[in-house]
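Here's a quick walk through one model, helix by helix. Have a look at it first, then read on.

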Amino acid sequence: MSIEASHIARAMAIGIGATLVMDAWNLFLRRTFGIPSLSYCLLGRWLRHMPGGTFRHASIAAAPPKPFECTLGWAAHYSIGVTFAVVFVLLASGEWLVRPTLLPALLYGIGTVVFPFFIMQPSFGLGIAASRTPKPAQARLKSLATHTVFGFGLYLSAACVSYVLRALA
């Protein structure tokens, strides 16, 4: 499985774009329906507690705050989006970068929901697939919808990158 440096650069741009689309979706949900999203400060808090050997929390919200947790959380959020996009491009093909199609990106985005379900949520004290939240089904649906939107963002961002590169050629 070989990938060119230009494909990595495109994948990074696509990852940033897809993460922006996901953030726009979450902003829409919050402003229109009052549906809160994950605070990326808590993601940063989780990461900042790791060097001390704490990987799981009874409640990440109750864990002591750490300096720069918000900055780290947002940087990690975008880094994760870029990483997911690079892995997707490695799995898809260079041809997908030239002519992106929706279905593979959408299915991949949906597949990425395993990470919050089985890594982040349990580590934050929320249980596997948000089982310890007040409304687990609602939390699961929100995660699934958000990662589906990330998949759509992969496609949309790839289509935009492809268009721009064709226009510049």
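What follows covers a helix pair, a surface patch and a few residues worth a click.

This is a predicted model, so a quick note on what counts: local features need pLDDT of at least 70, side-chain atom pairs need pLDDT 80 or more, and totals for chains, interfaces and linings use all residues. Residues are numbered from 1 along each chain as its sequence is written, and side-chain values use heavy atoms, with hydrogens and water left out.

Let's start with α5 (102-111) and α7 (136-168). Helices here are DSSP runs of H or I, at least four residues long, numbered from the N terminus. The axes of α5 and α7 come within 7 Å and cross at roughly 145 degrees; axes are lines fitted to C-alpha atoms over the stretch in contact, with angles running from 0 to 180 degrees between N-to-C directions. Residues making the contact include Ala105, Leu106 and Gly109 of α5, and Leu144, Gly151 and Tyr155 of α7. Contact means heavy atoms within 4.5 Å.

Leaving aside neighbours within four places in sequence, Gly151 is in contact with Ala105, Leu106 and Gly109. Gly151 also sits 8.9 Å from Met22, C-alpha to C-alpha, although the two are 129 residues apart in sequence.

Not counting residues up to four places away in sequence, His77 touches Thr19, Met22, Asp23, Tyr40 and Leu43.

| Residue | Relative accessible area | State |
|---|---|---|
| Gly151 | 0% | buried |
| His77 | 6% | buried |
| Leu103 | 55% | exposed |

Leu103 belongs to α5, and together with Leu107, Ile110, Leu141 and Leu144 makes a nonpolar surface patch of about 460 Å². Such patches take residues with over 30% relative accessible area and no salt bridge, joining nonpolar side chains (Val, Leu, Ile, Met, Phe, Trp, Tyr) within 5 Å and like charges within 9 Å. A salt bridge is a side-chain nitrogen of Lys or Arg within 4 Å of a carboxyl oxygen of Asp or Glu. The largest share of the patch, three residues, comes from α5.

Finally, α6 (residues 114-123) has buried residues including Phe117 and Met120. The buried residues of α6 pack against α2 (40-49) and α7.

Conventions: Accessible areas come from the Shrake-Rupley method with a 1.4 Å probe; for residues, only the protein chains shown count as cover. Helices (H or I, at least four residues) and strands (E, at least two) are DSSP runs, numbered from the N terminus. Buried means under 20% relative accessible area, exposed over 50%, partly exposed in between (1.4 Å probe, protein chains only).
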